[in-house]
Amino acid sequence: MGSIKPNDSEQEILKTIDVKKSLNDTLALSINYFNLGVLYKNKRLYLQSLDALKNSLQFATQINYADMQRSATNEIADLYEQLGNYKQSLIYLKKHAAIKTSGNSTIDELQAKYEIKQREDQVLQQQFEITKRNYWMAGICVFTLLMFFTGFFYYKQNKLKQRNMAMQAIIAAEESERQRIARDLHDSVSQIISAAKINLSVIGSELLFINEEQRTRFEKAINLVDYGFKEVRTISHNMMPWALHKTGLAKVIKQFIENIKNNNIAINFFCQGFDSPFDDTIEIILYRVLQESVNNVMKHAHADRVDISLIRSDENISLTIEDNGIGFDTTNPDIFKGMGLNNLMSRINFLKGRVEFDSHPNRGTLVSIYIPLTNKPL
C-alpha cells in the first residue's frame with residue numbers, strides 16, 4: 001500500500017475514482033488518491049500530487065486508516081520540502097509522528113478488505129448480468145407466448161370466418177336450389193295444370209253427359225285439377241317467397257300462415273319492425289327458421305294453438321314460437337336430430353344469435369330466438 005502498480009495510469013486511476021465515488025467506497029478512494037498523488041509526484045507535477053495526497057489523507061482520516069494517514073502525511077511533508085515550504089513540511093512531519101499505528105487496522109488487513117470489496121463488486125456485477133439475462137429470457141418467453149396466443153386468436157378468427165363463409169355458401173346454395181325448384185313448379189308444372197284445366201273445361205262444354213252424375217264426376221275432376229294447381233302455387237310460394245324482397249317479412253309470414261291454417265289449429269301472429277324489407281340474409285333465415293318451427297308444431301306437437309311473436313328493435317331481433325302441445329324432453333339429444341333443430345340452431349349461430357328451448361312433456365313448447373343487430377356475420 002502506498003506504491004503505484006506498474007500497470008496503473010492516470011486515466012485508469014481517475015476512472016476508478018469516479019466509479020468508487022458513485023459507490024461511496026471511502027477505503028478505495030483513499031488508496032486510489034494516494035496512488036494518483038505518487039504518480040503525479042514521479043512526474044514532478046507537485047501541485048496536482050499535493051491535491052491528490054490531501055484527498056487521500058482526508059478519506060483515510062474519515063475511516064481512521066492510520067497507516068494510510070502516515071504514508072500520506074509523509075509524502076505531503078516530502079513534497080512541501082521539495083517545494084521549499086519548510087514550515088508546512090514540518091507541520092506534516094509532526095502530524096506523521098503524532099499518528100499512531102493501529103494494531104487492528106494494518107495495511108495488510110485494509111488491503112485484504114479492499115480486495116474483498118473488489119471481489120464483492122465483481123460478484124454483484126455478475127449477479128446483475130445474470131439478472132439482466134434472466135429478464136431478457138423472461139421477456140423473450142412472454143413475447144413468444146404473446147405471439148403464440150395472438151396467432152392462435154387469429155387462427156380461431158380465421159376458422160370462424162371460414163365456417164361462416166361455408167355456412168353462407170350452404171344457405172345461398174339451398175336458397176338457389178329452392179328458387180330453381182319453385183320456379184320450375186311455378187313456370188312449368190302450374191302452367192301445365194292450368195292448360196289441362198282449360199282444356200278440360202273446353203271438353204266439358206262440348207260433351208253431352210249421359211246423366212247428372214257423370215257431369216258431377218267431370219266437374220269434380222276439374223276441381224281436383226284446380227286444387228292441384230293451387231297446391232303447386234302454395235308449395236312454390238313457401239319454397240321461395242317471391243314477395244320477401246318487395247313487401248317485407250311480415251306480409252310473407254302472414255301469407256305462409258294463411259296457406260297452412262286449418263280448423264284443427266289456431267295460429268296467432270304478432271310482428272313489429274318488419275313492415276318493409278330489411279336484410280335479405282337475416283329475413284330469409286328467419287323465414288326458414290319460422291317455417292321449420294311451425295312445421296314441427298303441426299307434425300309433432302298435437303297442439304291446437306300457436307302464438308308467434310317477431311319483434312325488431314335497434315339492438316336485436318326476437319322471435320318466439322309457443323304452442324300448447326305435448327312438449328318434449330329437451331335433455332334427449334335424439335329429439336334434436338329427429339326434428340331438424342340442429343339445422344335451425346346452425347342458421348341462428350351463423351347470425352351470432354342464440355336459441356333457447358323451454359319444453360316439458362304435456363306442457364307445451366316455447367322456442368325463443370335472439371339475434372343481435374350490432375354483431376352481424378363475418
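Author: In this predicted model, a residue is buried under 20% relative accessible area, exposed over 50%, and partly exposed in between.

Reader: Why is Leu145 called partly exposed?

Author: Its relative accessibility is 48%.

Reader: Where is Leu145 placed?

Author: Leu145 is in helix α6, which covers residues 107-206.

Reader: What makes the nonpolar surface patch that includes Leu145?

Author: Five names make it up: Leu145, Phe148, Phe149, Phe152 and Tyr155. The patch is about 580 Å². Patch residues need over 30% relative accessible area.

Reader: How do you know what span to expect for helix α4?

Author: The expected span is 1.5 Å times one less than the number of residues. Helix α4, residues 66-83, has 18 residues, and 26 Å is expected. From its first C-alpha to its last, α4 reaches 26 Å, close to that value.

Reader: Which residues of α4 are called buried?

Author: They are Ala66, Asp67, Met68, Gln69, Ala72, Thr73, Glu75, Ile76, Ala77, Leu79 and Tyr80. Buried means under 20% relative accessible area.

Reader: What follows α4?

Author: Gly84 does, and its phi is positive, near 85°.

Reader: How many helices and strands are in the protein chain?

Author: The chain has 12 helices and 5 strands. Of its 378 residues, 34% count as buried.

Technical notes. Residues numbered from 1 in each chain as written. Predicted model: local features only at pLDDT ≥ 70, side-chain atom pairs only at ≥ 80, totals over all residues. Heavy atoms only, no water. Patch = residues over 30% accessible without salt bridge, like charges linked within 9 Å, V, L, I, M, F, W, Y side chains within 5 Å. Areas by Shrake-Rupley, 256 points an atom, 1.4 Å probe, with all protein chains shown as cover. Salt bridge = Lys/Arg side-chain N within 4 Å of Asp/Glu carboxyl O. Helix = DSSP H or I, 4+ residues; strand = E, 2+ residues; numbered from the N terminus. Buried < 20%, exposed > 50% of the residue type's maximum accessible area, 1.4 Å probe, protein only.
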